[in-house]
Structure formats: C-alpha cells, structure tokens
Amino acid sequence: MPASPSTARAINDRLALRLLQQEGPLTAGQLKQLTGLSRPTVADLVERLGAAGLIAVVGEAGEQRRGPNAKVYGIVADRAHLAALDVRTEGVAVAVADLVGRVLAEASVPIAGDTGTGPALEQAVTLVERVAKEAGAARLHTVGIGAPGLVDPSSGELRDSTGLPEWHRRLVATLQERLPEARVSVENETNLAALAEQRDGAARDRDTFVLLWLGRGTGAAVVLDGALRRGASGGTGEIGFLPVPGTTALPTSTDCEGGFHSLASSAAVVELAAEHGMPVEASEAGVVRAAVDVVRAAVAQVGRQEAESLDGPAPAVAFLDALADRLAVGVASVVAILDPGCVVLGGEVGQAGGAELAARVRDQIARMTPLPTEVRATTLGGDAVLRGALLTARDRAQEELFEPGGVGRPDGGQGPSSPPPGRSVGLSRPWR
C-alpha cells in the first residue's frame with residue numbers, strides 16, 4: 001500500500017537527517033541529489049526540520065555564496081547533550097558530547113575499593129554533573145554507561161555479580177533520580193568496546209568478529225552478521241570462566257579463578273613477565289598499569305632483540321611467546337565454536353601488545369585450528385568503552401529526536417512514547 005502523506009514526510013525527514021549525520025552539512029541541492037527527492041519536497045523537509053529546531057543554516061557554498069541554493073544545512077548539535085560513563089572497579093570516567101557526538105568536556109575520578117556505597121555514588125554522580133556543567137549542558141538528554149558484569153537482556157539492569165562493588169548496581173537508579181529528564185541505560189563494558197571497534201576501530205570492515213578484552217580481567221564480545229549476541233541471560237562472552245588447561249583448579253559459578261581469567265588477567269600477565277625475567281615495577285595506578293608497562297617494554301625490546309642469544313631467546317621474546325600461547329588457548333576455543341574469522345585483542349593490554357602480540361597469537365592459532373582467523377590489535381584500547389557508551393547514547397538520542405512523531409514535538413521526542421529509562425541499547429549500526 002502507498003505510504004500516507006504523513007508517513008512519507010517522516011521517512012523523508014529521517015532520510016535527510018541520516019545523510020546530514022553521515023555526510024556532514026549539505027546544501028538543498030546536495031540533499032536532492034543524494035535522496036532522489038524532488039526540489040519542492042526537499043524544500044518542504046528543510047523548512048519542516050528547521051522549524052523543529054533539528055537543522056539550521058551553518059554556512060554557504062558556491063562561488064557567489066548567496067541565495068537559497070547556496071545555504072548549507074547541518075544538524076543543530078546543541079539540540080541535545082549526551083553523557084557517557086566508563087565505570088571500573090577503581091573509578092569512573094565521564095564524557096559529555098553534543099548531538100553529533102563531539103566531545104565537549106571529559107574527566108575521571110578514582111574511587112578507592114574501601115569507599116562506601118553512598119560516598120562512591122556521590123562521587124560518580126557529582127562528576128557527571130560537573131562535566132555536564134563544564135560542557136555547557138543545561139540538562140542531559142541521554143546517558144550511556146559501560147560497566148563490568150552481566151546486563152539482564154529483558155530489563156536492561158546490571159545483575160548482581162560477585163566481586164563487583166555495590167555502587168555499580170545502584171548507579172543507574174541514582175543517576176535517574178538525580179537526572180529525571182535523562183534516559184539512562186547500562187551495557188556490558190566489553191560489548192560497548194566491540195561497538196566502538198566496529199564503528200571507529202580495528203573492526204570497521206568486519207560484520208562478524210570477536211573482541212577479546214584484556215584489562216584487569218578478561219571478557220569477550222561476539223558480533224555475528226553485524227549484530228551483538230548477548231545470550232539468553234546476557235552472559236555471552238564471559239570467557240574468564242572458560243575452563244582451560246594450564247590452571248591449577250576449575251572455575252566456579254561465583255569465581256573465575258581457575259578459568260581463562262587465571263591465564264590472561266592483568267595480574268597473571270605481571271606474574272608471567274616476572275617468571276621470564278622481565279623487570280616488573282609496581283605501579284600506583286594498579287595492576288593494569290603494571291601489565292601495560294611490562295608488555296609495552298617487551299614489545300619495544302623485541303624490536304631490538306629478535307635474534308636468539310647463546311642462552312636461548314631473549315626474555316622479552318620468551319615472555320611474549322608465552323603470553324601469546326596463553327591467549328591462543330582462549331581464542332582457539334572461541335574460534336572452534338563461532339568461526340568469526342577475526343579476533344580483536346582489545347583493552348589496555350591488547351593495545352600495549354599491538355601488532356607484535358597479535359601476530360604471535362595469530363601464528364599460534366594457525367597451528368591449533370584449520371579455520372582461518374585474523375588477529376588484530378585494538379586501535380582504541382581502554383578508551384573503547386567510553387567511546388562505545390557515547391556512540392550508544394548518541395544513537396539512542398537521535399532515534400528519539402528524529403523518530404516519526406518526535407520531529408517538531410515541543411518536548412523533543414521525550415513524551416510518553418519514548419522508551420523507558422534503564423533499558424539497554426542495541427548495537428546495530430544505524431548511522432556512522
């Protein structure tokens with residue numbers, strides 16, 4: 001059946017907004033060319049979107065630089081402000097951006113492990129409010145949170161998980177209470193890192209891949225045919241619990257010690273480095289910083305010491321080979337089940353290892369499985385979580401503001417038809 005006039009207008013509006021998001025500011029003539037719409041239809045939608053406060057004239061193009069055809073239209077970036085949070089066991093980082101994703105202010109704060117739940121929540125929420133003020137945001141439209149742990153796929157809530165501080169689980173509700181007009185959602189940190197790598201990082205050309213997160217702990221995110229797979233309980237990718245050879249025990253339902261975590265966590269990396277004679281310095285920033293430093297130092301040394309000495313391989317070479325062997329155990333298990341064709345070594349440790357570590361894992365995988373598998377190093381590292389949270393917040397805000405019926409509404413698409421707060425956001429690829 002042919003679309004009604006109102007439906008056709010909504011489709012055209014969203015098409016134009018998508019192009020402006022994807023391509024940047026455009027003239028009416030360029031919109032006509034890219035959409036295939038008639039000149040009067042483009043003129044109508046430009047007027048409609050301008051009246052709704054979603055687009056505005058941002059400049060002029062052409063040699064004469066005057067007249068209606070020379071006007072360049074762009075999305076009104078300050079129509080909505082977004083916040084992204086990267087929540088770790090040792091602290092939280094916050095970034096505030098405009099509607100097109102341009103970061104306006106960011107900051108982080110450490111939160112000690114012995115900090116009480118109330119004070120920890122207050123530190124985190126106060127940081128969000130301070131960064132929003134620094135960004136010039138009178139209010140926040142959408143807040144995206146990346147946190148470790150399981151996110152219930154039906155409710156979007158962070159599930160109780162042994163070993164995580166209580167303030168993590170109460171953060172969404174506390175932010176929603178302090179920011180009642182904002183949409184607040186939480187997603188597993190590794191899943192958000194995968195979104196960022198898919199959109200802006202090492203997996204831009206891949207619709208199917210696995211991200212192996214290497215930081216304080218280990219995790220994996222699975223993207224198949226462009227869609228994130230969360231699993232029935234939201235636990236897809238809990239690779240730290242994977243039983244593997246080379247450990248002294250088996251993991252339990254409440255403790256991943258004895259699983260792949262025991263081989264690939266930052267603490268395990270530091271211990272492995274010490275066993276191979278690599279100097280490991282204690283870091284005030286914690287075990288993740290120590291693991292990053294020793295892996296980075298090993299990679300730098302390998303560039304100078306690839307040749308074996310009379311007494312055997314140089315310590316840096318032996319350490320990286322041993323680390324690659326450990327990582328390959330987990331990667332090979334994932335490859336045997338999913339055949340993703342590509343594995344990205346993410347997180348701070350994956351970034352420190354870079355192409356050197358990725359190549360060693362790739363070579364070991366080639367000896368363990370007949371399935372061809374690329375192994376790539378992250379291009380975003382530990383920043384991927386915050387980037388993914390910001391992308392998710394931006395996508396959700398745009399979906400609400402640009403939805404049919406939302407365009408031109410006085411509340412900016414925030415009425416009763418908007419999704420309830422606290423629900424997790426899908427990781428489809430709506431707009432670049």
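**A walk through the fold**

In this predicted model, the backbone oxygen of Gly-388 lies 2.9 Å from a polar atom of the Thr-392 side chain. That counts as a polar contact, a pair of N or O atoms within 3.5 Å; within protein, one must be able to donate a hydrogen and the other to accept it, and residues adjacent in sequence count only if both atoms are side-chain atoms. Residues are numbered from 1 along each chain as its sequence is written, and side-chain values use heavy atoms, with hydrogens and water left out. Local features need pLDDT of at least 70 and side-chain atom pairs count only at pLDDT 80 or more, while totals for chains, interfaces and linings use all residues.

Thr-392 sits in helix α12 (residues 384-401). Helices (H or I, at least four residues) and strands (E, at least two) are DSSP runs, numbered from the N terminus. With a relative accessible area of 5%, Thr-392 is buried; buried means under 20% relative accessible area, exposed over 50%, and partly exposed in between (1.4 Å probe, protein chains only).

The 19 residues of helix α1 (residues 5-23) should span 27 Å at 1.5 Å a residue, and its end C-alpha atoms are 27 Å apart, which agrees; the expected span is 1.5 Å times one less than the number of residues. Just after α1, Gly-24 takes a positive phi of about 95 degrees.

Now look at Ile-55 in strand β2 (residues 55-60). Ile-55 is buried, with a relative accessible area of 5%. Leaving aside neighbours within four places in sequence, its contacts (heavy atoms within 4.5 Å) include Leu-17, Leu-20, Val-46 and Ile-75. The C-alpha atoms of Ile-55 and Leu-17 are separated by 8.4 Å, although the two are 38 residues apart along the chain.

Next comes strand β7 (residues 142-147), where six of the six residues are buried, so the strand is largely enclosed by the rest of the structure. In a regular strand the side chains alternate between the two faces of the sheet. Here Thr-142, Gly-144 and Gly-146 on one side and Val-143, Ile-145 and Ala-147 on the other are all buried. Two strands pair if DSSP finds at least two bridges between them. Strand β4 (residues 81-88) runs parallel to β7, joined by five bridges, with Ala-83 partnered by Val-143. Strand β8 (residues 183-188) also pairs with β7 in the parallel sense, over six bridges, and Gly-144 stands opposite Ser-185 in β8.

Further along is an open sheet of five strands in the order β11-β10-β9-β12-β13, with mixed pairing. Strands β11 (227-228) and β13 (374-377) stand at the edges with a single partner strand each, so one side of each is left without a neighbour in the sheet. Four bridges join β12 (residues 342-346) to β13 in parallel, and Val-344 has Arg-376 as its bridge partner.

Helix α10 lies across β9, β10 and β12, at about 155 degrees to β9. Axes are lines fitted to C-alpha atoms, for helices over the stretch in contact, and angles run from 0 to 180 degrees between N-to-C directions. Helix α8 (residues 266-275) packs on α10 (residues 315-338) at about 145 degrees, with the axes 9 Å apart. Where they meet, Ala-268, Val-269, Leu-272 and Ala-273 in α8 face Phe-319, Ala-322, Leu-323 and Arg-326 in α10.
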